[in-house]
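Dear colleague,

I am passing on the structure below, and I would be glad if you could look through it alongside the notes that follow.

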Amino acid sequence: MERPSWAPQGIDLSQPSVSRIYDYYLGGSHNFEVDREAARRAIEVFPGLPKVMQANRAFMRRAVRYAVDQGVTQFLDIGSGIPTFGNAHEVAQAATPDARVVYVDNDPVAVAHSRAVLEGNENTGVVAADFRDPQAVLGSEPVRRLLDLHRPVALLLVALLHFIKDEEEPGKALAEFHDTLAPGSLLILTHASTEGGPHSTQQGREISDVYRSVGSRLLMRSRPEVLAFFDGFELVEPGLVSMPNWRPDSPVDQEDPVVFTGFGGVGRKA
Amino acid sequence: MNTGPEETAGPGGPHPAGCGPHPDGLRRFATIWSRAVYPTTATCMTRAEFEEHLVPLAELLSSTLHARPFDPGPARAVGTALVAAHCTAPESLPQILGVVDAYLLLYCADPALLPPEEGRARCARLQHAIAAGFARALQERTRAEQESLSRAALAAQSEIERALHESETRFRAVFEGATIGIGIAALDGTVLETNRALNDMFGDTERHHLSSRKVTSWVHPDDGPAVWRMYDELVRGEREHFRTEKPYHRPDGTVLWTHLTVSLLRDPDGSPRYMLALMEDITERRLLHLRLRYEATHDALTDLPNRTLFFERLEQTLARGAQTRFGLCYLDLDGFKTVNDSLGHAVGDQLLVAVAERLQTCVNGPGQLVARIGGDEFVALVADPACSGDVTDLAERALEALSTPVLVDGRELPVRASIGIVDGPAGERTAAEVLRSADITMYRAKAQGGNRYELADPDSDARVISRHSLTNRLPAALEGQEFFIEYQPLVRMSDGSVEGAEALVRWEHPRHGVLGPDRFIPLAEHTGLIVPLGRWVLEEAVRQACEWQVRGIGGTRPLRVNVNLSPRQLSHPDLVAETVAVLENAGLPPHSLCLEVTESAMIRADDAELKPLRQLAELGVGIALDDFGTGYSNLASLRRLPASTLKLDRSFTRGLQHHPADPVDLKVVEGIVSLAHVLDLSVTVEGVETAAQAEHLRALGCDSAQGWFYARPGPPERMAVELPLAAAH
């Protein structure tokens, strides 16, 4: 008899993984040939992709520092992927040592890797769960142990929502998080788009195709569509902008034009 | 290789730490270096931070450049540090080395300490060392990352395997420990797995009875008609599951009855893969159910089907519609009560058992059923007889079978039975109607002397049914005040004045309308309800007469009321007392009441029965001999009767309706009138319908009359209106 269908899914390492592809873009070696192959194909149609990913990371770091400046020291990073360097907890804990960070990912390898990297760091935790199931995330042991949901939390959805289809109702899940989080909580969000950067809609479609071929979806959304995710949050200055333009550390004119692709923003729950 | 700008660093002495150049030179070098390398890094440092990060590296390169003896080794650390700063992209290295090659000597060397030629040679060596350190660090980092990724993958995999194992262990325990039988089969019917409960159900401890056979071989003769069709639909993926009761052969030859649920299991693509069967052993429950059902539908004494089962079958038979026929024999033993009363119930029961056995031998077809539906009542149902003859044959066989006496306790008991037969097309009557008809017909057979059968006949059914239903309703009718009284005036022949009225009771039947006394008085007489009904009529009529008198209707001579008295009332012990009480309560003088008793009732009565009448007559109550001339009166006995009036039956006066009158009738009536007058009886004639009749009767000396010629019976208030009319005749 074969394995019954009710058993948990195994890991198929012959399939590319979004988080390992991401690592490849960032120059890491936490990836396998299938991942690199998929990543190379994506870079072929969208040559600036690694730069865009670095821009995502840079935005995330600036936003985390902003959060700490605002007194928010609890972080819930969903779709955190494989931690390499410059992760949310490093940035946050560098700014304030007692910052607490819970990473959430639905990729079992990413989760296992995160556990290994974070071992010994008392103020961090890892949850194997999916953004589409907010209750599983919010009810998890690490969240209950590390985060005080009566106080503001920064919710990080960096380069995540463009993998969630409309029919999976990302807005609904987001609303559940919004409703649970305390006033003063922050939503830190980036999203892929062909708006803003030098890339064409055609390229957007092609890269979506590449991701579809590896079993994921990459959805280009328009600015109004991304803006809608901030429903219930008040955007802080400078609003929803291309990532390098969000509170830059240095003059943005030195940046590669490609990194102006996509949007990033931070919203505060009133 | 050194194509850099002209040296701008000012001359300076040798550096105490071995790094000779101007500090500004190092800073500028770092700026140029950062500008070249930063775009290729994946660092999380800002540009400024990155440039700051490069300053110590520039210092290290500078000091290594000037060191004596010259050893390029420490420059490896620069490559290592740059890898640590994530300058790992392939295009980083040319940028790193290009800047060293072009600007290191220019900004970081002290020409005073280092001759240009030696400087260039040393710079090349340093680049080699940086590249080696870079390569080494990158190699180490790549290995470490690959290893950590593999560890993570392995950890994740073993975590999942552990969870899977746990889940499988859990489900295995559920599967094995379930009290419900579970089996999984491939779509070709091969049994793949069965759990313990299922094997136990089949009594299959070695587990090969089940697993060695295909599902499709589990056919049982008692399978429901749809089971295998549903099975095929499931296998084809047209049905997700089905539920049924299904029997199986056990290896030991017994039958296992199950409540079976089969579900289709599909693979992730949705194509059918397995069948999952869940089975519950309902053998015991089913047996119990069958036994309870048998007990509920069979007579405990004779083991014949009982009333419930009989009605079920009768209803099924009748429901088949008019294209089929049915036949029913309703059999009741004659004189069974006597057997029970004289020989005891035990003997009666044995007799019933013997009768049941004999009747059972009379039915021989599949559509025939014998049932016991009451004490000594049996029925035989023939589902679709070819002709009426089939049913009468059955009745004859039954009578024949019972014709030999039954031996009970050494005593020969003769058995007689009456049978009512109903047959006809199904679908016209309800089961209850059919059985009632059979019951009526059976009573007809009994009335004919018993030990015979009779065939149902719609007319006699109708008569009996209406009698029956009226009788049943009488008490409620009395209770519900459905009776009312009409009054027919009695007219004095001498002057045409009204002397009184006869009270005639009517029944306002809710379904049949107004019924005359002939329809229900005999029934009331039969059931004894006549006593209360008669009392009510008397009270009502007396009260009414009183009212007329009070209102002065009838003029100076008070009106009298005539009330009929039935034979049963006549023999009622309280007749006198009640009548007196009624008169007294109403305040009506006794002579204003006349009780009419039929001639036949009066002449049948002995002296004791006449005594109450005599007492009433002595009190002044008038007594009329009703329907005189119909009862073969012994004329001589008229003298001893307490009557004061003869009411001559209408049959005598019919011949007088026209001119000329029938001469014989004239003579007869004349004779009766003169005889009555001799005996001091007045004569009242009933049924006067024509003026000629009235004229003849007056001429013959009749005292009073009633009939349609004068007035029909009507409500009491009509008396005031009709009096003058009647008098006008």
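In what follows, two strands are said to pair if DSSP finds at least two bridges between them, and helices (H or I, at least four residues) and strands (E, at least two) are DSSP runs, numbered from the N terminus. This is a predicted model, in which local features need pLDDT of at least 70 and side-chain atom pairs count only at pLDDT 80 or more, whereas totals for chains, interfaces and linings use all residues. Residues are numbered from 1 along each chain as its sequence is written, while chains are lettered from A and ligands numbered from 1 in the order in which they are written.

Strand S1 of chain B (residues 181-186) is joined to S2(B) by three bridges, and the two run antiparallel; within this pairing, Ala185(B) has Val191(B) in S2(B) as its bridge partner. Both strands belong to an open, antiparallel sheet of five strands in chain B, ordered S2-S1-S5-S4-S3. Strand S2 (191-194) and strand S3 (241-249) of chain B stand at the edges with a single partner strand each, so one side of each lacks a neighbour in the sheet.

Turning to the interface, 26 residues of chain A are in contact with 28 residues of chain B (contact meaning that the C-beta atoms, placed from the backbone, lie within 7 Å). On the side of chain A that touches chain B, helix H3 (49-69) and helix H5 (108-118) of chain A each supply at least two residues, and H5(A) gives the most, with six residues.

With best regards

Technical notes
Two residues are in contact if their C-beta atoms, placed from the backbone, lie within 7 Å.
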